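Reader: I have the model open. Can you walk me through it?

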Amino acid sequence: LKLSSCLFFCGSEQSLLSPPWVDRQVAIAMGTVHCCQATATEAFTAVHKLSVAKSVAEVGVVRWNQHGDLARLSKMLDAVCQATTVEEAVQEVSTLMALGHNLWAYAYLRALAHRDMALYYGMLLAEPAKLLPVAYTPTVGEACQKFGLMPYNPRGCYVSLTDRGNLKDVLAEYAEANLEKGADGMYQCQCIVFSDGGRILGLGDLGAWGMGIPIGKLDLYT
């Protein structure tokens, strides 16, 4: 199973806390379809700061997710996301979808992908017709509008204009944490998704909050 990860480049200072239109952000998102298992949040943020959104990097992902509504949302999603098998995962997300609004189902997908990437893709493969509209369009449009209000997971590489001259180090940090190397010692990458965040599904400039698009496209391609 080819697993996916995502890289996201942003110009200007990326803020996930402020509304995305506060600073004009020239964002380019890049993703890869072939990677290893997702790195745990604590392990990732202990040594990785260059490729994390700047506003998050200032305090660290763990502390970021511990403040205000993010802490409560994280706790709620952890309580809901208990599946250890594909069947259990389908049941859990289907229960959320029964509410008739898929934003919570989208948040569940992101939580499951962070916790167990293989299980996440197993679930998508089991019910693609039902779940791909949650992972990508049409649900991803609203998800991007609220992306910075959801718990932050270290999936995606953010590059700011302040990283000018240091781009190689930023990408190398993210690749080291997320990509496998081939026999030639090169990082294995099958697909790249770029987005400048400026025209998200006709919603306009969502800046760094547009990360949902490259993540969703990679899930779809994978």
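Author: Helix 6 is mostly covered, with 10 of its 13 residues buried. Buried means under 20% relative accessible area, exposed means over 50%, and partly exposed lies in between (1.4 Å probe, protein chains only). This is a predicted model: local features need pLDDT of at least 70 and side-chain atom pairs count only at pLDDT 80 or more, while totals for chains, interfaces and linings use all residues. Residues are numbered from 1 along each chain as its sequence is written, and side-chain values use heavy atoms, with hydrogens and water left out.

Reader: Which residues of helix 6 are buried?

Author: Leu-103, Ala-105, Tyr-106, Ala-107, Tyr-108, Leu-109, Arg-110, Ala-111, Leu-112 and Ala-113. Helices here are DSSP runs (H or I, at least four residues), as are strands (E, at least two), numbered from the N terminus.

Reader: And what covers the buried residues of helix 6?

Author: The cover includes helix 4 (68-80), helix 5 (86-97), helix 7 (117-126), helix 8 (128-135), helix 9 (139-145) and helix 11 (212-221).

Reader: What span does helix 6 reach from its first C-alpha to its last?

Author: Helix 6, residues 103-115, reaches 19 Å, close to the 18 Å expected at 1.5 Å a residue. The expected span is 1.5 Å times one less than the number of residues.

Reader: On to the core. Which residues touch the most other members of the largest nonpolar core?

Author: Val-93, Tyr-108, Leu-109, Leu-112, Tyr-120, Met-123 and Tyr-152, out of 45 residues in that core. The largest share of this core, seven residues, comes from helix 6. A nonpolar core is a set of buried Ala, Val, Leu, Ile, Met, Phe, Trp, Tyr and Cys residues joined through side-chain atoms within 4.5 Å.

Reader: What is Leu-109 in contact with, leaving aside its neighbours within four places in sequence?

Author: Leu-109 is in contact with Val-93, Tyr-120, Met-123, Leu-124, Leu-131, Val-134 and Ala-135. Contact means heavy atoms within 4.5 Å.

Reader: Change of topic. How many salt bridges does the structure hold?

Author: Five. The rule is a side-chain nitrogen of Lys or Arg within 4 Å of a carboxyl oxygen of Asp or Glu. One of them joins Asp-163 to Lys-54, with the closest N and O atoms 2.7 Å apart. Asp-163 is in the loop between helix 9 and helix 10 and Lys-54 is in helix 2, so this pair ties together parts 109 residues apart in sequence.

Reader: Are Asp-163 and Lys-54 buried or exposed?

Author: Both Asp-163 and Lys-54 are buried.

Reader: Which salt bridge does Arg-110 form with Asp-219, in terms of the closest N and O atoms?

Author: In that pair, the closest N and O atoms are 3.1 Å apart. Asp-219 lies in helix 11 and Arg-110 in helix 6, so the parts tied together are 109 residues apart in sequence. Asp-219 and Arg-110 are both buried. Arg-110, Arg-155 and Asp-219 are linked in a network of salt bridges. Arg-110 also lies over the face of Tyr-106, at 5.2 Å from the ring centre; the rule asks for NZ of Lys or CZ of Arg within 6 Å of the ring centre and within 35 degrees of the ring normal.

Reader: What about Lys-146 and Glu-142?

Author: Lys-146 forms a salt bridge with Glu-142, the closest N and O atoms being 2.7 Å apart. Lys-146 is partly exposed at 33% relative accessible area, and Glu-142 is partly exposed at 25%.
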